[in-house]
Amino acid sequence: MRKKVGIVVAFVLAFVLGSSLQVYGVIYNGGKWRDPDNVRYLNNSTSYSSYVNTGALHYWNNYTSAINFVQINDANVYNKVLVKDVDIDDATWDGRATSWKTNGYFDKVEISLNKPNIEDSAGDIVNVRYRVVNHEFGHSVGLGDLYDDDEVLMYGITKDTPYYPTYTDLTRLNDLYN
Amino acid sequence: MKLTNMFLSIRLITAGVGGYYATSMTTGTQVEGHASWSYVSDSFEGLIESENSDLIAIATVKDKGKDSYFPLAEDETYVFTDATLEIDEVLFSEEGIVADDEIIVTQYGGKLKDGNVLEYHDVPLFTKNKKQVLVFLQKVVEDSERNGKYQYVGGNLGLYYVDDNKVKTIVDHKIAKEIKDKDIKEVKGKIKDKVKAFYLPTNPKEQLK
């Protein structure tokens with residue numbers, strides 16, 4: 001009897017452990033793309049258009065082979081990352097990424113770049129602009145914020161920190177897609 | 001015996017794998033928000049000194065809120081859900097807020113027009129009433145429904161939970177680490193000392209002890 005109870009408990013623990021691994025993966029990274037070699041983005045930013053393209057096509061595509069951004073011009077494509085500007089003076093954020101996902105895979109992502117707050121940030125303004133753009137692109141491919149290290153791109157608060165994906169960011173990305 | 005153990009191991013592994021994939025079969029779409037929060041400070045003292053807070057208080061969630069709204073017609077992901085907090089103790093107030101007053105906090109996130117619920121992973125919506133919190137709030141000045149309500153300073157820098165008289169945090173940023181798991185009395189004392197030292201008294205109703 002005791003042996004049977006022990007086996008049942010072991011089964012339940014194994015099931016719970018398995019499901020908690022999945023939960024941890026989804027919460028930690030917030031999702032991923034089914035086809036990471038073809039992450040389509042639509043650049044609707046007017047104030048930061050060049051930063052958006054350089055961010056995606058240079059800083060992300062050239063720094064990692066885990067994902068590949070592809071620029072598109074067709075707004076009717078559903079599965080894509082849409083990048084746009086907003087002008088919200090009293091918001092407490094510089095950029096944000098909203099992701100829709102089903103079964104852990106992205107359907108679409110919308111990135112909003114908040115111009116008044118970005119332009120009001122301390123530090124080298126060019127670096128800050130890249131920092132916000134690249135950080136939000138990081139969310140768009142599944143990276144969550146880090147708060148225990150401000151020397152990474154994915155630090156959750158805008159500072160004069162790396163404006164490109166660092167080794168830590170890319171290691172996390174590789175872990176997500178490999 | 002060896003064969004029995006082998007079969008048992010296989011069954012255990014199968015149970016684990018089954019748990020993993022069972023959890024992956026989520027029902028419906030999940031919508032999540034991540035923000036790059038504007039910089040306020042790297043330290044707890046700096047958070048108080050930053051002059052971003054119009055109100056620092058211990059409060060209890062009276063109504064976690066259920067109706068969401070969109071302050072900006074042109075952005076359908078800019079959604080908020082108002083919560084009502086009842087003030088338990090004021091630590092600093094620009095406008096004469098006192099204990100037992102009720103204030104509205106505009107929480108980031110809520111129900112989108114497509115029916116999905118958008119939640120910010122590091123500033124979650126309140127899920128139940130009667131939760132006690134330590135909040136650093138600023139008044140919203142915006143040409144929208146949010147005007148005059150409160151929002152957390154620095155996004156996730158402004159919200160901390162109080163459980164069993166200890167301060168609990170959602171994310172481990174530098175400021176959170178300074179006060180995480182500390183006794184709320186100790187944290188309140190630090191805030192009051194800093195406020196006394198830094199701000200001129202502006203609240204004639206609420207005397208800082």
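Is B:Asp181 buried, partly exposed or exposed? In this predicted model, B:Asp181 is partly exposed, because its relative accessible area is 40%.

**View 1. B:Asp181 in its loop between two helices of chain B.**

**View 2. Strand β10 of chain B with its antiparallel partners β8(B) and β11(B).** On one pairing, strand β8 (residues 132-139) of chain B is joined to β10(B) by three bridges, and B:Leu134 has B:Tyr160 of β10(B) as its bridge partner. On the other pairing, three bridges link β10(B) to β11(B), with B:Tyr161 partnered by B:Lys168 of β11(B). Four of the five residues of β10(B) are buried, so this strand is largely enclosed by the rest of the structure.

**View 3. The hairpin of β10(B) and β11(B), with two residues between the strands.** Here B:Asp164 takes a positive phi near 50°. B:Asn165, found in the loop between β10 (159-163) and β11 (166-168) of chain B, also has a positive phi, near 65°, and is a residue other than glycine.

**View 4. Helices α2 and α4 of chain A where they cross.** The axes of α2 (residues 49-60) and α4 (residues 125-140) of chain A come within 9 Å and cross at roughly 65°, in a right-handed sense. Residues making this contact include A:Tyr51, A:Tyr59 and A:Trp60 of α2(A), along with A:Arg129, A:Tyr130 and A:Phe137 of α4(A). By class, the contact residues are nine nonpolar, four polar and one charged.

Methods: Residues numbered from 1 in each chain as written. Chains lettered and ligands numbered in written order. Predicted model: local features only at pLDDT ≥ 70, side-chain atom pairs only at ≥ 80, totals over all residues. Heavy atoms only, no water. Axes fitted to C-alpha atoms, helices over the stretch in contact; angles between N-to-C directions. Left-handed = near helix turned anticlockwise from the far one by under 90°. Contact = heavy atoms within 4.5 Å. Nonpolar A, V, L, I, M, F, W, Y, C, P; charged D, E, K, R; others polar. Buried < 20%, exposed > 50% of the residue type's maximum accessible area, 1.4 Å probe, protein only. Pairing = 2+ DSSP bridges.
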